[in-house]
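Here is a briefing on a two-chain model. Keep the sequence and the structure open beside it.

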Amino acid sequence: MSDPKIEGYEFKSGFKGMAADAGSDQTMFKGVHWGKAMMWIFLLSDTFIFSCFLISYMKGRGSTPIDWPNPSKVFALEVGGVSVPLLLIAIMTFVLITSSGTMALAVKFGYERKRKLCGWLLLATALGGLTFVGMQAFEWSKLIHEGVRPWTNPFGAEQFGSFFFMITGFHGTHVSIGVIFLSIYAYKTFAGHYDTGKRGWFTSIKGDYVEIEILGLYWHFVDLVWVFIFAFFYLW
Amino acid sequence: MSDEYDSNKTIYQAQSSETISGSSGTVSPDMDHVRPAEVSEQDLYHGHSFISKWVFCQDAKVIGVQYFLLATFTGIIGLILSWLMRLQLGYPELASFMTAEHYYQFVTMHGMIMVVYFLTALFLGGFGNFLIPLMVGARDMVFPYLNMISFWMFFIAVMVLMASFFVPGGPTGAGWTLYPPQAILEGTPGSGMGIILMLVSLVLFVAGFTMGGLNYLITVLQARTRGMTLMRMPLTVWGIFTATILAMLAFPALLVGGLMVVLDKLLGTSFFMPTMLKAGEILEYGGGSPILFQHLFWFFGHPEVYIVALPAFGIVSDLISVHSRKNIFGYRMMVWAIVGIGGLSFFVWAHHMYVSGMNPWFGFFFASTTLIIAVPTAMKVYNWILTLWRGNIRMNVVMLWCLGFILTFVNGGITGLFLGNVTVDVPLSDTYFVIAHFHMVMGIAPLMVIMGAVYHWFPLVAGRFLDEKLGKWHFWITFLGAYSIYFPMHYLGFIGVPRRYFEMYDSPYITSATGMNEFISMAAFLVGAAQLILIYNIIKTLKIGKRAPKNPWKANSLEWHTPTVPPEHGNWGDRLPVVHRWPYDFSVPGAKEDFIPQTTPPSEVVHTEVEKT
């Protein structure tokens, strides 16, 4: 990406450029919308939340007196009488990563003022998120049906159920919040709020396509977190 | 000595760093140039009704005052709880209405209220909201709506916390550290609704704080005015900014730990619950790790100490500089010390857990990091003292609080060296020595800064001076009283009086401890009551106080240079200020007055030896 043009400010490259930006007045991140910077800082904080969850999980899994259940058995699906490990989760991960792709395209077409295309891509992203949450609900109900609960687990250590439901639940909440915002933003895009600069209902801030990019940051983050959860729960 | 003083004075003033050679006295046409604005003007939502102007207000200054008042309200509740505790400890025969359960509940609520709902909310929510936009030259926080929600989340958090006093079983009595398993097991007071409401309130507080904290950080990073570089910001802003970063990274651990305790309590999970026996029967819980909670809690808990301390460091630096008419000694060193303390504070948490059972090498590591923090902290203390040295000190109430702070902070810091070393800590842990240490270093010391800041900035908020005479009474009673409370506690700790005990029973140290406990309690009642002087002073001042002129302390930083006093919504009228220098150009040799505001362009001060900033 090329640097933005700022009157009276000369961009330098590399670490010298970073130091010069940090030492300059007005803004630290040149040409970056405040909302984008704010989302990045929020995501940094959220990273610490998920890190605390996952580190607690590692500690909990490492110190249970009863053995941890075997993930390739617990998470397997029966297809035509054959037990296929990690089938559902592979599909879920694929759907979520794909929705990241549609999100990135929505941001691109938003900035290119292709309003309708941007809106449809946002809806596709929301649909991807919804599918993910739906499949997660299916997996939860399958495990609950087999007797796994937050406080008990027929396959081994009871902490398995506790950590699994808590962490995937927390992540699923993130996805659901993302879906809600994607739907609202899709509506706002179709209605042209970002083209006319219509003020937000609550915030009274003028609409701008940068909002879609900010939501995109959040959505990519939620996907990235899922990759870690996937690795720690399903592959370990 | 006195002859030498005058002749050398100018040399001490301008020696500390590079100066612009202004003696040539030439005014070049582009010397006042500041590059144009990068971002367009912020468009603000102006309230029209009483509700949108004063209740659900989006003006950071009003939100700051709201935070201040609500935090003070909870602080007064915390103070009353401490009175009840002192009544029990000093005069148990008068406190027959109190049971041991009540005592534990009061200890817990006092601790949590004072640390989180009073000091954190007051420094970051109160001073942060009021001062950051004014000091960096912004019209408001970057996202005023979110800022407003932040306060109302805090309001709900406080209401939930207060509600826990009225539920069956009362508030939690687990100690402010809320350690499971005991926090959620029957037998601990408030192990039912009390602990749940406490944790819900904390989660709400963290959510609300995150909204505010994002605003503080981004306002500092992305919304400074023209000419305001990071290294021209007042140290107040640096302190609040760094503390906010700490909070954004430390509160997640509390949030996660809190959620897991709630699940242990409500769903019967066993994150923190090992296999336990109760009345001969094995409980349903099993396989969890109580130490894990301690790690999560103190990963939050130790940075929390610096979340309270760093804004205090920053504010006191500004107050000392203004009221001794000298630039702050070693500004850059002060900034890096704040940042360094902030960074190190994430690597010391397990010094709260020396007696919890850890690998001895961990104790070695955490003792080392803890003692390393003393280096930047000591640098700051030296710099405050060197700022005062040969300054033109105004011995007013603000300065008294600052001096009180330095003394108290050094005192509390030195006892910290005792507790930071594993071998010394083990016999002292869970005694009154610990109480004395942390009350000195993170209770009284930041409180003194708050008091100084109230006397300093009150003319800006209300346009009137607080009464100096009442202020001096307030200071001396609080200062001497606080020492009467906490000095004897060091001794109580050395003779082994344990903390959090409801009564002392027939222990061998009872004879020497009883008289001292009565004395401490008397002092505590007096100090608490002395705070009424401040409240009276504020009410009196609002009605008949002396009107403050513009910039009454002759300070340089931007908040005193708004077109209207008190500043209105949008802060700066038609035009944003343009900054040409740091806020510490006091007593510059050659200048007409002993201060040069940040907005003064270089062409007006060509004959002076101003610092190059």
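Into which domains is chain A divided? Chain A has domain 1 (1–31) and domain 2 (35–235); such bounds come from an automatic or database domain assignment. The model is predicted: local features need pLDDT of at least 70, side-chain atom pairs count only at pLDDT 80 or more, and totals for chains, interfaces and linings use all residues. Residues are numbered from 1 along each chain as its sequence is written, while chains are lettered from A and ligands numbered from 1 in the order in which they are written.

**Chain A**

- The C-alpha centres of domain 1 and domain 2 of chain A lie 34 Å apart.
- Helix α4 (residues 87–111) and helix α5 (residues 115–145) of chain A pack at about 160 degrees, with axes 8 Å apart. Helices (H or I, at least four residues) and strands (E, at least two) are DSSP runs, numbered from the N terminus. Axes are lines fitted to C-alpha atoms, for helices over the stretch in contact, and angles run from 0 to 180 degrees between N-to-C directions.
- That angle makes α4(A) roughly antiparallel to α5(A). Angles under 35 degrees count as roughly parallel, over 145 as roughly antiparallel, 65 to 115 as roughly perpendicular and the rest as oblique.
- α4(A) passes α5(A) in a left-handed crossing. The term left-handed applies if the near helix is turned anticlockwise from the far one by less than a right angle, and right-handed if clockwise.
- The contact of α4(A) with α5(A) involves 16 nonpolar residues, nine polar and one charged. Ala, Val, Leu, Ile, Met, Phe, Trp, Tyr, Cys and Pro count as nonpolar, Asp, Glu, Lys and Arg as charged, and the others, Gly among them, as polar.
- A:R113 sits in the loop between α4 and α5 of chain A. Phi of A:R113 is near 65 degrees, a positive value in a residue other than glycine.

**Chain B overall**

- Chain B has 15 helices and two strands.
- The radius of gyration of chain B is 25 Å, close to the 25 Å that the globule rule gives for 613 residues, so chain B is as compact as a globular protein of that length. The radius is taken over C-alpha atoms, and the rule is 2.2 Å times the number of residues to the power 0.38.
- The C-alpha atoms of chain B fill a box of roughly 90 × 60 × 55 Å along the principal axes.

**Helix packing in chain B**

- The axes of α8(B) and helix α13 (residues 432–462) of chain B come within 9 Å and cross at roughly 40 degrees. α8(B) is therefore oblique to α13(B).
- This crossing, too, is left-handed.
- α8(B) contributes B:V305, B:V308 and B:A309, among others, while α13(B) contributes residues including B:M442, B:A445 and B:P446.
- Twelve residues of this contact are nonpolar, two polar and none charged.

**Interface**

- 39 residues of chain B are in contact with 39 residues of chain A (C-beta atoms, placed from the backbone, within 7 Å).
- α6 (193–222), α7 (235–266) and α8 (290–323) of chain B each give two or more residues to this side. The largest share, eight residues, comes from α7(B).
- The chain B side divides into 25 nonpolar, ten polar and four charged residues.

**Cis peptide bonds**

- The bond from B:P180 to B:P181 is cis, with omega near 0 degrees. B:P181 is in the loop between α5 (144–163) and α6 of chain B.
- The bond from B:V565 to B:P566 is also cis, with omega near -10 degrees. B:P566 lies in the segment after α15 (510–544) of chain B.

Key:
Two residues are in contact if their C-beta atoms, placed from the backbone, lie within 7 Å.
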